[in-house]
Amino acid sequence: MNSTFHLANLLTEPPGIAHFMTVGAVLFVCGAMCMATKRNALGVLMGIELVLNGANMNFVAFGSQYLQNGGEYLGLDGPLMALFVIVLAAAEAAVALAIALNFYNNHDSIDVDRADQLQG
Amino acid sequence: MDASALPTLLAIAWLTPLASFTVIVLLGKSLGPHGKYAGYISVGAILVSTVMSLVALFGAWLPNHPLADASHHGASYEAGAHGSSSPNAHSGDSHADGRAADAHAADAHAADEAHESEKPAYYGDWYALGQWGKLKLTIGYYIDALTVTMFSMVSLIAACVHVYALGYMHDELHDPYVDHEVHVHDGGHLHRPGRFHRFFQYLSLFSFSMLGLVIAGNVAMVFVFWELVGICSYFLIGFYIERQSASNAANKAFITNRVGDFGMLIGMMALWASLGTFAFGDLTTPDGQTELGIFSRLRTAENDHRLVPPPEMVAEGERTFASTETTGDGGSNAGHWLLFIAGVGIFCGCVGKSAQFPLHVWLPDAMEGPTPVSALVHSATMVAAGVYLVGRFYPAFSPEALLVIAVVGCITLTIAATIAITAVDIKRVLAYSTVSQLGYMMLSLGLGGWAAGLFHLVTHAFFKSLLFLCSGSVIHAVHSNDMREMGGLRRKMPITAYTMLVGCLAIIGAGIPLTAFGLSGYYSKDAIVEQAWSFAETNKGAYWLLLAMPVVGAAMTAFYMFRLWYMTFAGKPRNHHRYDHAHESPAVMTRPLLLLAFFAIAVGWTVPLTNLSVTNLLHQAEPAGIAATSHGVLLPSLTVPAEALSHAPEIKFKAGLAAFGAAMTGLLAATVIYLWNTLNPAEIRQTFQPVYRLLWNKWYFDELYSAALIRPTMALGRRIAAFDRAVIDELIHGLAWLSRGVSKVFGVLFDQTVVDGTVNTFADWTWDFGLLLRRLQTGSVRQYVLFIVAGTLVLFVAVSTVQWLAYS
């Protein structure tokens, strides 16, 4: 990535790493906003998935040799990290859904704002 | 077997008892019922030592070093006479064989020289303990004929004593063991667990220490094993630790020896400071250089192995003594003085170990130990160590130091013999007899009779261990030490009685005068008297006392030994109760007696058709140069005649008759008084009341030491203890009180304000800060996400700003 990067050039240039990073950033921000605004626990979970996938996007992009214009790239580490995050996300989703279910059983609701027992 | 196997063989002989000691220490009572197998382990170990020593002697030493016949005394006498007439010439030694006698004096000279240079000895280091500058401590060995002889003698006697102790200490296998000599406060006797295994553990350690002392290759190692022997005797003398007398005797032995060891340390330091080495023999360092040992430095080949203080000794000395100790011709005697001090210092250690006057007082009290221990201490180990060291260290003794040794030995032998005459405790008689015989050895060594003295050490070891084991057998049978309660026992215990008779005959030197036939003591004692005669003829004047005393001593020896035998075994029983209960000891005890009796008879003989005899072995061990006549430097009138001179026929004749006559006189007196009862001992006692009282009280030595040393020391100790309590304790209490007060004030003024205040302030701050942070912990997940996002943004902005500032 050269240092004279401008957002405006994005649309006129051939697909490079910057494009992937942009998509990843959009996904990340969407996910973060989702987590911050949804009161439904499942919505929050979805936000988490978005954030994780935004990060995955970056890993995959860094691991591809076609996007680097001959520069250095992560190689197989990128896809591997992505796979790792996917597996992690699956496990995390399973645990989180179990928590949500139990929370619902206890509170008849999955509103995260009502889960404030841990406040200081 | 090759001679190079000697160090290995002797090392095995030396270390096996240590292994046995270790096993018994670790396993102790778990070895069989009441630790019975500990005895077998210990006996096995010492038997291995004996076998190894004998293999070393007969398999490795003798085949490689054929013995010269030293009994052609005429030949060596010629050579010795030649040497004494011209002190500068290299004088002959007693090794001169028939060839030398026939040859011209000059030829004999050359033959001797060749012989002298190849004194067979092996020395080296096994292990270096450490080196600090010049000070090098090693575990080394010095093996010559003397070492091999001593190894055989020590291990053989120790083996006999070990086997004997299996029977003698049998009572200790009972649990609980009842000690009838200790009364506890409720009127009964002391009951305690048996200590069979412990006894054998100490015996093993004792054998190990003594063998280590014999094999030691340097003075430092000698000192280490010297002390080990001392501590072992302490353990064994105090074996019946519950008896007050036993623990006192152990302390006495140990402390008396410390006095002597102090002198020995001084001697060692004097030698080390001037010569810079502890080693006896020359050592080759790894880089191929030869480090000269003590002997080669003091008696260099250039000086024909005469004792000449080396330059470093003189130079060292001149700085110290130059102003005071110069002779008329301008030369300095500093080196000789240093040698004298070193010699007398080393001898001080021997005075302690070998119970010489004035440190002889511990040995008779050492009787408190079990009898096998007495046998071992008195023959082969503890007391032999001192004589052995004098013999080993002989090349470093100057004629003046030798005179000191001779005088001390002479005083010792006289005093001890007189005390033995009146003692009634069977073991005490033997103890004083030991002291007296040790005096003979020292006297002989001091008069130049190196081989004679050490020969007496070997023969004495055999017959004295025999005598002690016999007395142990008697005590075992009658349960008393007092000869006044014995009598007539020869009918009850014939083996003990007649083996003891052999021992008595051996110690008085019974033999056919003027022939070469007699018991072992006959050869060694005659050799000593001959040397004394030769010395007295060479040095006129008051030196004749050094001849008269051993001759008178021989008479007294015969008297007290046969007084002992008659009182114990002959005549009618004095105490019928004890007599009726007496019985011969079991075979495990009598067999060692028979073996030792055989040696007591035969150890002085030459094996037929060979040259093999202890005398010839010892002559082979004679260090280079000491066979020559030497002259005093500090005391110019003093001449120590060559040992070979004492073999002159006319001296042999006169000395032999004198010794025989003296022994017969003593024997006759004892027979008249105690067997035929022609004279009543009680009347004699009455007649010589003052003398008797003096002897009965052992010349008041104990009282003298008690009054002169012990009581003042105790009084001083009490004063100091009182001072401690009154002044030092009070001072410390005062200081304690003061510091407590100070800390109390300090606690209020400083701790509670400054220290506590600081800590509390910090605690308050932490508390407040926590309260502040508490607000952030809202418990709402969505807010946390917001915090994360906001934090990320802040980080991003911060990093960007920094980067921008850095790159623009």
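How many residues does helix H23 of chain B have, and how far does it reach from its first C-alpha to its last? I began my notebook with that, working from a predicted model.

**Entry one: helix H23 of chain B.** I found H23 at residues 587–602, which gives it 16 residues. From first C-alpha to last, H23 reaches 22 Å, close to the 22 Å expected at 1.5 Å a residue.

Next I asked which residues of H23(B) are buried.

I stepped back and counted 29 helices and ten strands in chain B. Its C-alpha atoms fill a box of roughly 125 × 75 × 55 Å along the principal axes. Of its 808 residues, 51% count as buried. I also looked at the contacts in chain B with a separation of 6 or more, and 75% of them come from residues 24 or more positions apart.

Is A:Pro79 buried or partly exposed? I wrote down partly exposed, because 16 other C-beta atoms lie within 10 Å, while a buried residue needs 20 or more.

Setting aside neighbours within four places in sequence, I found A:Pro79 in contact with A:Val60 and A:Gly63. A:Val60 is 19 residues from A:Pro79 in sequence, yet their C-alpha atoms are 5.3 Å apart in space.

Definitions and conventions:
Residues numbered from 1 in each chain as written. Chains lettered and ligands numbered in written order. Predicted model: local features only at pLDDT ≥ 70, side-chain atom pairs only at ≥ 80, totals over all residues. Helix = DSSP H or I, 4+ residues; strand = E, 2+ residues; numbered from the N terminus. Expected span 1.5 Å × (residues − 1). Buried ≥ 20, exposed ≤ 12 C-beta atoms within 10 Å, placed from the backbone. Contact = placed C-beta atoms within 7 Å.
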